[in-house]
Amino acid sequence: MKLKTRIVLGFTMIILMPLLLFAATLYGFSQSQAQKTETAQTVTESDGTVYDISITDSTDSQGRVHLMAKDLFISAFAILISVALVVGLWVYRSIAVPLVKLKKATQNIKEGNLDFVLDVEGKDEFSELCQDFEEMRRRLKESTEEKNLMEKENRELISNISHDLKTPITAVKGYVEGIMDGVADTPEKMDRYVRTIYNKTNEMDHLINELTFYSKIDTNRIPYTFSKLNVEDYFADCAEEVGLELETKGIELVYANYVEKDVMVIADGEQIRRVIHNIISNAIKYMDKPKGIIQIRIKDVGDFIQIEIEDNGKGIGPKDLPYIFDRFYRTDVSRNSSKGGSGIGLSIVKKILEDHGGKVWATSRLGIGTIMYFVLRKYQEVPMK
């Protein structure tokens, strides 16, 4: 019941009760008047005329009236006091109880404690205020938890990037010092040193690009340029580009396209290349076989094109597999330097594909390898009516 309704109802009861008691008093007086006793006497005059005289017992009636009035006054006073107390307590409880709980909740928030529940039942204004306050507390707690998680992730990102930049920088520094000290005293050794320095600087460039792209993800400012892409031509170019990189690392690429020549997709070619590159880089990072093999298969699955990238690396454990697309998640908790990385590569893959209206998932077996799957929606002409 609304507070306004309670107050109006309470004051109405307080006003009506005296009126009802006054009406009852008048009714009692009228009943007492009707019940007055009368005494009849016969009087004979000297001339022989006879008169009947009625004498009212006024003394006894007045006593009963006074007694009734006294009882009514006492009863009315007792009833008025009781009604006033009940109504006052009713209105007070509807205000005081929520206010006490609200004050306690405010004190908790002031002290930084958000792990409580403000539970107030009812539908009056104070109860609604407490319910709104509880909703505010819940959202504030969610916002605080999200902020703390983001701060933790940012600290972890800085730690990861710092560690992973330190490794190639140390290598570059060592090879440069070797050149300066004359250790690379033959053309072959000089060429090997220079190539190593070049590869290490490429690693650093990739890490910095990953960090820059991550900042765009966090602010939803990824620059997309969507266009129609022919599936056969586009993925053949991607496979050729990836094949050159894998060849330098001694890894064999097997490419197979099972899609018809005229099939098109709507996608951002540059970002899908980033997806493929990140997945391939992850496969290379955890390749533990002497003869590495990576397979890329393009399949038609109805309204979508499915891309499968399979490797014969170390595989991913069942406990880690559900989390590999989470930001900063790394199965390599020991952070072995030979398996560096910021831990955001696959989360970037997931974000790009979700923005394309697709999805990504994986299957894996320890010691055998991993298969990454992602799908892109086909481009279909809509006939004009």
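**Notes on the predicted model**

1. Let me start with confidence. For the protein, the mean pLDDT is 78, with 73% of residues at 70 or more.

2. A word on conventions. This is a predicted model, in which local features need pLDDT of at least 70 and side-chain atom pairs count only at pLDDT 80 or more, while totals for chains, interfaces and linings use all residues. Residues are numbered from 1 along each chain as its sequence is written, and side-chain values use heavy atoms, with hydrogens and water left out.

3. Now the overall picture. The protein has 7 helices and 9 strands; these are DSSP runs numbered from the N terminus, helices being H or I with at least four residues and strands E with at least two. Of its 385 residues, 33% are buried, meaning under 20% relative accessible area, where exposed is over 50% and partly exposed lies in between (1.4 Å probe, protein chains only). Among contacts between residues at least 6 apart in sequence, 68% join residues at least 24 apart.

4. The open sheet deserves a look. Its 5 strands run in the order β4-β6-β7-β9-β8, with mixed pairing; two strands pair if DSSP finds at least two bridges between them. β4 (251-257) and β8 (359-365) are at the edges with a single partner strand each, so one side of each has no neighbour in the sheet. On average, neighbouring strands here are turned by 15° against each other, direction ignored. β8 pairs with β9 (residues 369-377) in the antiparallel sense over 7 bridges, and threonine 363 has isoleucine 371 in β9 as its bridge partner.

5. Helix α5 has two sets of neighbours. On the sheet, α5 touches β4, β6 (292-301), β7 (304-311) and β9, and its direction makes about 175° with that of β4. Helix α5 (residues 231-248) also packs with α6 (residues 269-285) at an angle of about 35°, their axes 11 Å apart. Axes are lines fitted to C-alpha atoms, for helices over the stretch in contact, and angles run from 0 to 180 degrees between N-to-C directions. Residues meeting across this contact include Phe235, Val242 and Leu246 in α5, and Ile272, Ile276 and Ile280 in α6.

6. Strand β3 (residues 227-230) pairs with β5 in the antiparallel sense over 4 bridges, and lysine 228 stands opposite isoleucine 266 in β5.

7. Beyond neighbours within four places in sequence, leucine 140 contacts Ile109 and Leu114; its C-alpha is 8.0 Å from that of leucine 114, 26 residues away in sequence.

8. Finally, helix α7 (residues 345-355). Its buried residues include Leu346, Ile348, Val349, Ile352 and Leu353. Glycine 357 follows α7 and has a positive phi, near 80°.

Note on methods
Contact = heavy atoms within 4.5 Å. pLDDT = per-residue confidence, 0-100.
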